[in-house]
Amino acid sequence: MFSFYDMCYGFMFFFLASIFGYIAECTFVSIGNKKLTLNRGFLMGPYIPIYGAGTCTVVIILKDYMDDPVIFFFMTTIICSFIEYITSLVLEKIFKVRWWDYSHEKFNINGRICLKNSFLFGLAGLTVLYTLYPLMCDFLSIIPNTILEVVGVLCFIAFISDFIFTTKALINVKSSLKDIKGDATEEAHKEVIKALEKHEFQFNRLISSHPNIELFNSDTVKKFKYKMLELRELKKEKKSKK
């Protein structure tokens, strides 16, 4: 039976692996495009869950094979390629658009996975198992239990909120994405941001719906609200001048 600490530890391992995956993805794409690219992944935050899921799956299933790098390499390649294929299929079914497309790569399967990326997954698996895995375990182990639980809960809330909010926004704008061919990641991010800008600030919504709204009628809160609205108007003016 897993304890609450075990669950927080497991989630933070997944979360850190997702962040490392985001950094690796952005670095790889930026080098390929010869320009800084940060709009990668399904969610708005700096993490890509598929890397976290892949890392956790590989560690759980293949940890016993770590003494045989060759077997571990091929097993990692197969498992991660399967996860990538299924993820691509599910996202396309939901949003009617592809988040990545390897049709231009040699030896690809329906443009969802390709030999080059599968090979890189195998190398990444070796890197994770022999370097990142022990480093992340050591890092998480030195954090006091209570602090790890608090941070784990906060990160989980942020992650789930991002997932729900981004998914809802993408569903609302998926009609704008249906004509995009190939990798739609950057365009999807732009559409989500546009959708967010059409709505009022969540802070104002929270205050206006609060049953004890008089508690928020302080000068400090009013100044904050006016400042937020002012920044919003300035942003609109800058866009209109472009």
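Ser18 is buried, with a relative accessible area of 0%, where buried means under 20% relative accessible area, exposed means over 50% and partly exposed lies in between (1.4 Å probe, protein chains only). Ser18 belongs to helix α1, helices being DSSP runs of H or I with at least four residues and strands being runs of E with at least two, both numbered from the N terminus. The model is predicted, so local features need pLDDT of at least 70 and side-chain atom pairs count only at pLDDT 80 or more, while totals for chains, interfaces and linings use all residues. Residues are numbered from 1 along each chain as its sequence is written, and side-chain values use heavy atoms, with hydrogens and water left out.

- Leaving aside residues up to four places away in sequence, Ser18 touches Tyr47, Ile48, Pro49 and Gly52, a contact being heavy atoms within 4.5 Å.
- Helices α1 and α2 pack with their axes 7 Å apart and at an angle of about 125 degrees, the axes being lines fitted to C-alpha atoms, for helices over the stretch in contact, and the angles running from 0 to 180 degrees between N-to-C directions.
- The two helices α1 and α2 are therefore oblique to each other, since angles under 35 degrees count as roughly parallel, over 145 as roughly antiparallel, 65 to 115 as roughly perpendicular and the rest as oblique.
- On the α1 side the contact involves Phe13, Phe14, Ala17, Ser18, Gly21 and Glu25, and on the α2 side it involves Pro49, Tyr51, Gly52, Ala53, Thr55, Cys56 and Val59.

- Leu140 sits in helix α4 (residues 115-141) and is buried, at 0% relative accessibility.
- Apart from residues up to four places away in sequence, the contacts of Leu140 are Tyr5, Tyr9, Met12, Phe13, Leu16 and Leu148.
- Although Leu140 and Met12 are 128 residues apart along the chain, their C-alpha atoms are separated by 8.0 Å.
- The largest nonpolar core has 40 residues, of which Phe13, Trp99 and Leu140 touch the most other members; such a core is a set of buried Ala, Val, Leu, Ile, Met, Phe, Trp, Tyr and Cys residues joined through side-chain atoms within 4.5 Å.
- At least two residues of this core come from each of α1 (4-33), α2 (49-62), α3 (69-95), α4 and α5 (145-177), and the largest share, nine residues, is supplied by α1.

**Two salt bridges**

- The count comes to two salt bridges, each being a side-chain nitrogen of Lys or Arg within 4 Å of a carboxyl oxygen of Asp or Glu.
- In one of them Arg112 pairs with Glu92, the closest N and O atoms being 2.8 Å apart, and this pair links distant parts of the chain, with Arg112 in the loop between β1 (108-109) and β2 (113-114) and Glu92 in helix α3, 20 residues apart.
- Arg112 is buried, at 7% relative accessible area, whereas Glu92 is partly exposed, at 23%.
- Glu105 forms a salt bridge with Lys116, where the closest N and O atoms are 3.1 Å apart; Glu105 lies in the loop between α3 and β1 and Lys116 in helix α4, so the pair ties together parts that are eleven residues apart in sequence.
- Lys116 counts as partly exposed, at 40% relative accessibility.

**Ser81 in α3**

- Ser81 is placed in helix α3 and counts as buried, at 7% relative accessibility.
- Residues up to four places away in sequence not being counted, Ser81 touches Ile113, Ser118 and Phe121.
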